[in-house]
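Here are some short notes on the aromatic contacts and one surface patch. Please read them with the structure open.

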Amino acid sequence: KQQKGLGKERPAMAEDAKIQQFTAITGADVNSARFFLESNSWNVQRSVNAFLGSNESGPAALQEDNIPPPQPQVTERLFQPARPSRRQLASDSAWSSNSRLARIFKVPENLYSGSFEQAADLAASKGNWLLVNI
């Protein structure tokens with residue numbers, strides 16, 4: 001170890017200052033600080049980057065919050081849909097000509113056979129909406 005002389009400080013004092021700086025930044029213990037600093041030629045910036053990128057420690061080690069791991073994905077069915085046969089679909093009363101669904105989705109009886117502009121003018125003159133099926 002070098003003693004003070006001619007404006008130069010001892011290497012041990014410089015090492016201690018770098019260890020303190022490393023532990024202040026990372027929160028690591030002195031032994032970890034010394035290991036990372038020695039491994040990176042006492043370069044604080046490279047040592048901090050190596051510490052944060054290592055498997056043993058890093059941002060996860062610095063967290064003090066107890067955050068639980070994510071919950072596994074769960075897929076559940078509220079009901080098991082029954083699949084009707086084609087015969088049942090064909091004779092289903094919901095789509096018979098007298099049912100409400102059939103009346104709601106029936107083809108309109110009053111289709112206009114002119115141009116779009118003529119249909120728009122007619123609807124505007126009657127105060128009606130113009131429904132266009134594309």
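**Notes on the model**

1. Leucine 130 has a relative accessible area of 34%, so it is partly exposed (buried is under 20%, exposed over 50%, partly exposed in between; 1.4 Å probe, protein chains only). Leucine 130 sits in the segment after helix H7 (116–126); helices are DSSP runs of H or I with at least four residues, numbered from the N terminus.

2. This is a predicted model, in which local features need pLDDT of at least 70 and side-chain atom pairs count only at pLDDT 80 or more, while totals for chains, interfaces and linings use all residues. Residues are numbered from 1 along each chain as its sequence is written, and side-chain values use heavy atoms, leaving out hydrogens and water.

3. Four aromatic pairs are present (rings of Phe, Tyr and Trp, the last by its six-membered ring, with centres within 6.5 Å; planes under 30 degrees apart are stacked, over 60 edge-to-face, the rest tilted). In the pair of phenylalanine 35 and phenylalanine 36, the centres are 5.2 Å apart and the planes stand at 80°, so it is edge-to-face.

4. Phenylalanine 36 is buried, at 8% relative accessibility. Its ring also pairs edge-to-face with that of phenylalanine 51, because the planes are at 90°, with 5.4 Å between centres. Phenylalanine 36 belongs to helix H2 (residues 30–39) and phenylalanine 51 to helix H3 (residues 44–53), so this pair ties together parts 15 residues apart in sequence.

5. Phenylalanine 51 is buried as well, with a relative accessible area of 5%. Through ring pairs, Phe22, Phe35, Phe36 and Phe51 are linked into a cluster.

Terms used: Helices (H or I, at least four residues) and strands (E, at least two) are DSSP runs, numbered from the N terminus.
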